[in-house]
Amino acid sequence: MNCLRVDQIYLYLEKELSPSETKGIEEHLVSCSKCQNAVAERRLLLRASESLPLWDPPADFSRQVMAHIFPDIFPDRVSIRKWIVASAVGFSSAALAFLAYFVFSGQSLLSFLTGLGRGALDLFRTVSVLVLKLVKLGSLLIRVIVRIFEILIQFFGHLTKMISPEMQIILITLTLILSVSLFFGVKRKYLTGEKA
Amino acid sequence: MDEDKELIQRTLNGEEEAFAMIIRKYQRPLFNYIGRMVGEREMALDFTQEVFVKTYSSLHTYKPQYKFRAWLFKIASNFIIDYWRKRKLDTFSFDQPHTWDQDRPSYEIPDNELSVVSKYELSQIRKKIENALGKIPPSLRELFVWRHINDFSYDEMAEIKDLPVGTIKNRVFQAKEMIRHILEEKP
């Protein structure tokens with residue numbers, strides 16, 4: 001066999017040749033150092049080419065594309081920067097409008113601010129008293145509910161000791177049947193208006 | 001029916017989430033191909049998005065007898081060619097420092113062939129290949145990327161480019177030998 005062609009070397013390394021062609025090349029390589037060097041050189045080039053680092057798209061790339069195609073279904077998330085800019089613009093506009101009002105109406109800004117401070121203090125007092133009362137009421141309610149549950153657990157504890165397991169099963173089944181029929185009966189009465 | 005075809009059918013039936021699954025499956029290979037072709041991350045992201053938009057809008061024209069991946073990459077390839085045409089850049093000689101006709105790689109192994117690649121570490125060779133990729137003609141770069149980064153078969157590449165498999169094999173060989181010759185140059 002003659003020396004290998006360069007295109008043949010690449011196809012050999014990529015396993016794109018038939019078994020008989022591959023065999024012929026391997027037999028030639030045993031005795032030809034020029035071709036051996038050429039193959040080693042291209043093998044390294046291929047190894048590097050096939051392990052080039054991959055680029056990664058951003059984690060939310062698919063969402064961005066979907067937002068572009070279906071803006072109503074996949075709305076684009078507003079970035080934090082946009083929120084900051086919008087807030088800054090809103091706040092500045094409000095402050096400017098506020099100042100312009102006092103400049104053009106001739107009212108005293110100081111007396112307005114004092115009045116505003118007093119109003120805010122009164123509101124704070126009222127709200128704090130209300131919050132304290134709500135907290136007290138909430139804690140009382142929780143204690144009552146906990147006590148009711150304790151009594152119920154004790155009651156069922158005593159009941160299971162008094163009644164045999166077979167009787168317990170019968171009672172639970174009867175209760176379930178009664179609850180289900182009661183539920184459907186009530187539903188029928190109120191939804192369809194059927195008279196009992 | 002394979003997974004891609006099922007996802008396409010579901011998208012055509014109005015299930016948008018199925019198209020999101022197609023995007024998630026192909027965003028990385030497509031981004032790597034486009035990225036290597038345009039050489040710039042932000043532009044590559046914009047182009048990848050545009051290709052998915054184009055794919056969605058022409059999904060009703062997709063014929064199930066073709067592989068979806070080949071169809072998707074054909075859209076991407078045409079998109080890049082259009083971009084170069086609009087910028088009045090020759091799609092073959094774009095960014096090509098070599099005079100291709102004079103520098104055509106030889107099929108014969110020269111008697112005194114220098115060892116170009118073997119003298120470097122693997123990580124150095126990778127860096128050199130990345131640099132060399134920008135210097136070979138885009139039409140060859142595209143095939144090199146499909147073959148060695150996207151892991152396409154020669155048959156698949158021939159289907160995308162509408163060319164005989166032999167022509168594709170020959171061009172990929174040319175791309176690799178050009179890269180090897182560029183590796184020889186001093187930085």
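Biologist: How many salt bridges are there over all chains?
Modeller: Keep in mind that this is a predicted model. A pair counts when a side-chain nitrogen of Lys or Arg lies within 4 Å of a carboxyl oxygen of Asp or Glu. By that rule, the count over all chains is 21 salt bridges.

Biologist: OK, on to the two chains together. How many salt bridges are there between chain A and chain B?
Modeller: One of them joins Arg42(A) to Glu177(B), with the closest N and O atoms 3.0 Å apart. Polar contacts are a separate count, and there the figure is 15 residue pairs between the chains. For salt bridges between chain A and chain B, the count is six.

Biologist: Which helix gives the largest share of the side of chain A that touches chain B?
Modeller: Three helices of chain A give two or more residues to that side: H1 (6-13), H3 (33-49) and H4 (61-69). The residues on that side divide into 24 nonpolar, five polar and ten charged. The largest share is eleven residues, and it comes from H3(A).

Biologist: And what is the area buried between chain A and chain B?
Modeller: The contact takes 39 residues from chain A and 53 from chain B. In chain A, Glu41(A), Leu52(A) and Trp55(A) lose the most area to chain B, together 18% of what that side buries. Carbon and sulfur atoms give 65% of the total, which is about 4200 Å².

Biologist: Now inside chain B: at what angle do the axes of H1(B) and H2(B) cross?
Modeller: Residues of H1(B), including Leu7(B) and Ile8(B), meet residues of H2(B), among them Phe19(B) and Ile22(B). That contact divides into seven nonpolar, one polar and four charged residues. The axes come within 8 Å and cross at roughly 145°.

Biologist: Over which residues of chain B does pLDDT stay under 50?
Modeller: Chain B averages a pLDDT of 88, and 89% of its residues score at least 70. Where pLDDT is low, the predicted coordinates should not be read in detail. The model does have 22 contacts beyond four places in sequence for the stretch under 50, which is residues 93-102.

Conventions. Residues are numbered from 1 along each chain as its sequence is written. Chains are lettered from A and ligands numbered from 1 in the order in which they are written. This is a predicted model: local features need pLDDT of at least 70, side-chain atom pairs count only at pLDDT 80 or more; totals for chains, interfaces and linings use all residues. Side-chain values use heavy atoms; hydrogens and water are left out. Contact means heavy atoms within 4.5 Å. Buried area is the accessible area (1.4 Å probe) that two parts lose on being put together, summed over both. A polar contact is a pair of N or O atoms within 3.5 Å; within protein, one must be able to donate a hydrogen and the other to accept it, and residues adjacent in sequence count only if both atoms are side-chain atoms. Helices (H or I, at least four residues) and strands (E, at least two) are DSSP runs, numbered from the N terminus. Ala, Val, Leu, Ile, Met, Phe, Trp, Tyr, Cys and Pro count as nonpolar, Asp, Glu, Lys and Arg as charged, and the others, Gly among them, as polar. Axes are lines fitted to C-alpha atoms, for helices over the stretch in contact, and angles run from 0 to 180 degrees between N-to-C directions. pLDDT is the predictor's confidence in each residue, from 0 to 100.
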